[in-house]
Amino acid sequence: MTLFRNFVSVGSLTLVSRIAGFARDAMMAAVLGTGPAADAFFAAFRFPNLFRRLFAEGAFNTAFVPMFSGALEREGQEGAKLLAARIMSWLVVMLFIVTLLAELFMPQIMAVFVPGFVDDPEKFDLTVLLTRIMFPYLGCMSLMAAYGAILNTLGRFFAAAFAPVLLNLVTIAALIPLAVWFIQTPAEATIWVAIATMTGGVAQLVLVWVAIERAGFRPAFRMPRLDPEVRRFWMLAVPAILAGGITQINIFVGTIIASGADNAISVLSYADRLYQLPLGIIGIAIGTVLLPELSRHLKGGRALEARQSQDQALFVSMLLTMPAAVALVALAEPIVRVLFERGAFDALATTQTAEALIAFATGLPAYVLIRVLQPGFFAREDTLTPTIFAGISVVANIAISLTLFPSLLHVGIAIATAASSWLNVVLLVATLAVRGHFALTWPQWRAQLTILAISLIMGAALWLLAEQGAIHLASGVALWRQAGVLAALIAFGIAVYFTLVHVSGTHDLRLLLRRLRRRA
């Protein structure tokens, strides 16, 4: 059960990263809150991340992995290493050019990216400074993702999955003196954290560099040339980059809209971090493992094994994602309060973040399903179709955001994100089904419907219990008491959910435990 074992490995390390990330975000919320400095920091941090997803996730997690897998199957390790060197040389050159241009023209770029900040010169100048400090983070993360893609294809998942933990640990180390020993202004604190973020990016790159050196697979830099294999890569990568670009337009427009309301960017960023926990553990882990798995099977002519891998990924992802989404909706406010409400993060910020979290959580199964379904296209070297679907979903997202933002503010943007993601899922499923690459049997449909029903039952029980225990979860109650009650509710929800899953015959928990023991 290679897919399951690798998923557990990547998911476990992602869980460690997310826990460290929550510690980091809790400290950041206490130091920065949701004021102008926080908005400036999160806008600045979001900008290099747009390009990271464009170059690294767009090109390498979609176009490069299938080609690299095919080279391994046909030409062995030496041929695959040579292909990687030729392609990564182009990545390095492009990153250098983009970074140089962005640093030179950052004020003009930020005037477009966060137009709502322009009328506040202090906030705008801080955003420009922070973005200049953190933009080289793009190069570190893109190269890390490229090396990680090679390691993942080789079946070495540890280094790339553990690397984000370093970013969180470095940032926590920077926040400790701010939160404990001395207090700076929020603006000065953001500069400190921006430098720490850049340092964490370097640490991540060093980690995967060492791992790929030990694997004997570090591609040597060479002057870029347009040979036939590189041209083929770009024919696959350009639609993938466009797909990533379209998705980033989504975020770009959302940031532009959100910059028109005070605190909206920081509120959305905190809510985003919370639903990213299950998305990272389940969706990203499944997608990371599934793409090279599907690519190897399809390049080796094993269509049945490819279908089985995708079916297994779909079942495992929904088994874990659906209850997580429902629990986030049922316990949104207590979760936000326990994690963030202290220092500069007040009760109003808790309410606003919880509202956004509920809206985001309704789309969580869709975000994960996109990660499960897209490899079905990418592994077959079809990057154009998902690009078209991403474009359609972005148009829907922008339209819904513009419609809802005047009345619902940050909640309207979160609703638009969830709704457009579900539209993307429908398009992906329908196309795979028409092509004969995806079809659920009646037992599989029944299992999915049972998972949904059990999740709703669990969510209703959690909501009722949280209402009964509201006095223990209110603002001002001691943190240890809030955290204890919330932990008890979560443990109760997990116990109820998996008991019903086992009793209903949806999944035998003894089999799950045996798999985990084999992994251990």
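**Entry 1: second pocket, lining**

I looked up which helices line the second largest pocket: H10 (303-330), H13 (364-373), H16 (410-434) and H17 (442-468) each supply at least two residues. Helices here are DSSP runs of H or I with at least four residues, strands are runs of E with at least two, and both are numbered from the N terminus. The model is predicted; local features need pLDDT of at least 70, side-chain atom pairs count only at pLDDT 80 or more, and totals for chains, interfaces and linings use all residues. I number residues from 1 along each chain as its sequence is written, and side-chain values use heavy atoms, with hydrogens and water left out.

I noted a volume of about 380 Å³ for the second largest pocket. Of its 16 lining residues, Leu 314, Leu 369, Leu 440, Trp 445 and Gln 448 are the closest to the centre. A pocket is an open set of points on a 1 Å grid over the protein atoms alone, where a 1.4 Å probe fits, with protein on both sides within 12 Å along at least five of seven lines; lining residues have an atom within 4 Å of a point. Grid points are joined across faces, edges and corners, and the volume is the space filled by probe spheres set on them.

I sorted the lining by type and got 15 nonpolar, one polar and no charged residues. Nonpolar means Ala, Val, Leu, Ile, Met, Phe, Trp, Tyr, Cys and Pro; charged means Asp, Glu, Lys and Arg; the others, Gly among them, are polar.

**Entry 2: helix H16**

I checked the span of H16: its 25 residues reach 37 Å from first C-alpha to last, close to the expected 36 Å. The expected span is 1.5 Å times one less than the number of residues. Just after H16, Gly 436 has a positive phi of about 80°.

**Entry 3: aromatic pairs**

I counted seven aromatic pairs. Rings of Phe, Tyr and Trp (its six-membered ring) pair if their centres lie within 6.5 Å; planes under 30 degrees apart are stacked, over 60 edge-to-face, the rest tilted. Phe 45 and Tyr 137 are tilted, with centres 5.7 Å apart and planes at 50°. Phe 45 sits in H2 (residues 36-104) and Tyr 137 in H5 (residues 137-153), 92 residues apart. Tyr 137 is buried at 3% relative accessibility (buried is under 20%, exposed over 50%, partly exposed in between, with a 1.4 Å probe and protein chains only).

Ring pairs link Phe 41, Phe 42, Phe 45, Tyr 137, Tyr 270 and Phe 340 into a cluster.

**Entry 4: whole chain**

I found 20 helices and zero strands. Of the 520 residues, 57% are buried.
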